[in-house]
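Dear colleague,

Please find the structure below, with the sequence alongside. My notes on how its parts meet follow after it.

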2 protein chains.
Amino acid sequence: MNTEWIAVDWGTSHLRAWAMQGAAVLDQAQSDKGMARVDKGGFEPALFELIEGWLNDAPLDVIACGMVGARQGWVEAPYSAVPCEPTPVAPFRVPGTDPRIRAFVVPGLKQVAPPDVMRGEETQIAGFLASHQNWDGVICLPGTHTKWVQVSAGEVVSFRTFMTGEMFDLLAGQSVLKHSVGHGWDDAAFAEAAADTLSKPEQLAARLFGLRAADLLQGQDSSVTRAQLSGFLIGAELAATRPYWLGQQLAIIGAEGLSDIYTKALQQQGAFVETANSTQCTLAGLLQARNLTRQTA
Amino acid sequence: MNTEWIAVDWGTSHLRAWAMQGAAVLDQAQSDKGMARVDKGGFEPALFELIEGWLNDAPLDVIACGMVGARQGWVEAPYSAVPCEPTPVAPFRVPGTDPRIRAFVVPGLKQVAPPDVMRGEETQIAGFLASHQNWDGVICLPGTHTKWVQVSAGEVVSFRTFMTGEMFDLLAGQSVLKHSVGHGWDDAAFAEAAADTLSKPEQLAARLFGLRAADLLQGQDSSVTRAQLSGFLIGAELAATRPYWLGQQLAIIGAEGLSDIYTKALQQQGAFVETANSTQCTLAGLLQARNLTRQTA
C-alpha cells in the first residue's frame with residue numbers, strides 16, 4: 001500500500017484515521033481513544049496503534065483536526081478569530097514526534113461576541129466549500145454540540161453552538177426521563193413536538209416532565225417519548241436559530257441519521273435543505289489543510 | 001420520650017422522620033435511604049433504623065408522604081385527580097407491618113391534561129393551606145422538579161412540573177459545562193441571566209454553550225458561570241410560567257437557599273412573593289393526613 005499522507009479526525013470521544021493517496025482513501029481505522037481518554041504523552045501511541053501498518057520509509061504527513069488541538073490536546077493550535085476563512089492559517093506542527101511522521105493539527109475558530117468556539121467543524125466547512133465555489137448561506141453541523149455557521153464570500157462570518165445533542169443524551173440517559181425513553185422512533189410524534197416548541201419555545205421547560213407523566217398516566221409508547229424528546233429539543237433550537245435558516249440557502253453536514261432528522265424538521269418549516277456527508281467533508285478539508293502545510297514548508 | 005405519632009417524608013433520594021406529639025417535634029432523624037435506594041422488602045428496615053428508639057408499648061401511627069407511595073414504593077397509593085383538595089382521601093394503610101406501627105402513605109395528585117403528577121408536594125400544600133384559610137393563588141415549590149400549583153377555594157385546580165433543578169445538576173455536573181461551573185455565586189450575574197431568557201426564552205439553547213466559550217476565551221469566573229447557568233434555566237421556567245405568577249397572589253414553599261433565588265427572580269419582575277418553610281409545611285400536612293386516618297378508622 002503506497003500511503004501518501006494520513007488524515008485524522010480526533011474528537012473528544014473518538015479517533016478516526018485514513019490512509020490517503022491524494023484525495024483517495026486507501027484504508028481506514030478507528031478507536032475510542034478520543035481526546036478525553038488520552039493524556040499528554042498518550043496521543044502518539046494512540047495514533048500509532050491505528051497507522052503503524054500504513055507507514056513507509058519516507059516520513060508521512062499526518063493532518064489532524066478536532067479537539068486534539070485544544071489546550072489539553074496533542075499540541076495547542078490557537079483559535080483563529082472570525083470573520084475569516086474556515087482554515088485561514090497553516091496547521092500547527094506537533095514537535096518531537098517519531099521521525100516516520102510529520103504531524104500537524106488544524107486550528108479551530110473562535111468568535112469573541114457572543115463568545116463561541118469550534119474545533120473540527122472548520123475543517124468540514126473548508127471541505128464543503130472546496131466543492132461549492134462561491135457558496136453563500138448557512139451551514140448546520142448537527143452533533144453533540146450542533147453548530148450553525150453563516151458563510152459568505154468564502155469566510156465564516158459568525159456561528160452559534162447548541163448543546164441539543166448533549167442535552168438529549170443527558171435527559172434520555174440520566175434524568176428521570178430515562179425510565180420512559182425507549183430505542184424506537186415515531187416520525188409523526190417528532191414532527192408535532194418540533195413544531196410545538198418551535199412556535200412556543202418558552203414551553204420547552206414545561207414539556208419535558210410531561211413526557212414522564214404521559215408514561216406514568218397513559219403508558220405512552222417509549223419510542224413516541226424518544227421522538228418527542230428529540231422534537232422538543234430540536235424545535236427549541238430551530239426557534240433560536242430562525243434568523244439563521246429562514247429564507248437562507250442552507251446546507252446540513254452531519255451523520256446520516258441525525259442529518260435526516262434536522263432536514264425533516266426544517267423542510268416542515270418550508271426551508272430548502274442541501275445535505276453533505278460529514279466524513280467526505282472532513283477528508284476534503286484535511287486535504288486542503290495538507291496543501292497549506294506544503295505551501296509554507 | 002412520649003412519642004404520639006411519627007411523621008415521614010420519603011423522597012427519591014432521602015428519608016426523613018420526626019417523632020411527634022400533636023404538632024410538636026420531639027426528635028428527628030434522617031438517612032440517604034431514599035426510594036431509589038431501597039427495594040420492596042427494604043422499606044420497613046430502613047424506617048426502623050431511624051425510629052426504633054421512639055417506639056412505645058402501644059402501636060404508633062406512621063404517616064409518610066412522597067415517592068414512597070409510587071408503584072415501586074412501600075405501598076402504591078394511587079393518585080387523586082385534580083381538581084381536588086390537596087389530600088382529598090385518607091392515606092393508604094401499609095399492610096403487614098411490624099405490630100408496633102400502623103403505617104400510612106399519603107397519595108399524590110395527577111392531572112390528566114396536560115399530563116402531570118406530584119408526590120409529596122400535595123402534603124406541603126395541605127400544610128400551607130392549614131395556616132392560610134381561604135387562600136387563593138399560586139404556589140411554587142422549587143426543587144429537583146419544581147411544581148407550579150394553582151389553588152382556589154381550597155382545591156388544587158391545575159399544576160405543571162419543571163425539570164429545572166435536575167437540568168441544572170446534569171449540566172453543571174455531567175455536561176461539557178462541568179469544566180466551567182464553580183461553587184460560588186454572583187447575584188448580579190444571576191439576575192441578568194434570568195431576565196435574559198425570561199424575555200427571550202428561545203435563546204436558552206444558544207446561551208448554554210456560551211458559558212463554556214466565555215470560560216475558554218475570557219477566563220470567566222466560575223462562580224459567575226454557575227449563577228448564569230441557574231439564571232438562564234430559571235428565567236426560561238419563569239417565561240413558561242408567566243400566566244401562573246403574573247398578577248397572582250404567590251407563595252414559595254421550599255428550602256431556604258433555592259426559595260431565595262426564585263424569590264429574587266420573581267421580585268425583579270415586580271411579583272409579590274410570600275415564602276413558607278417546606279419542612280414546617282410538610283409536618284403540618286402530615287398532621288392533617290393523620291387526622292384523616294383517624295376519621296376513617
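The domain bounds used here come from an automatic or database domain assignment. For chain A that assignment gives domain 1 (5-134 + 278-296) and domain 2 (161-277), and the centres of these two domains of chain A, taken over C-alpha atoms, are separated by 31 Å.

Please keep in mind that this is a predicted model, in which local features need pLDDT of at least 70 and side-chain atom pairs count only at pLDDT 80 or more, while totals for chains, interfaces and linings use all residues. Residues are numbered from 1 along each chain as its sequence is written, and chains are lettered from A and ligands numbered from 1 in the order in which they are written.

Within chain A, seven residues of domain 1 are in contact with seven residues of domain 2 (contact meaning that the C-beta atoms, placed from the backbone, lie within 7 Å). On the domain 1 side, helix H2 (121-130) and helix H9 (278-296) of chain A each give two or more residues, and H9(A) gives the most, with four (helices are DSSP runs of H or I, at least four residues, and strands runs of E, at least two, numbered from the N terminus).

Between the chains, 34 residues of chain B are in contact with 34 residues of chain A, and the largest share of the chain B side, ten residues, comes from H5(B).

Finally, a rotation of 180° with 0.0 Å of shift along its axis superposes chain B on chain A (RMSD 0.0 Å), by least squares on the C-alpha atoms of residues with pLDDT of at least 70 in both. That is the relation of a two-fold axis.

Best regards

Conventions
Contact = placed C-beta atoms within 7 Å.
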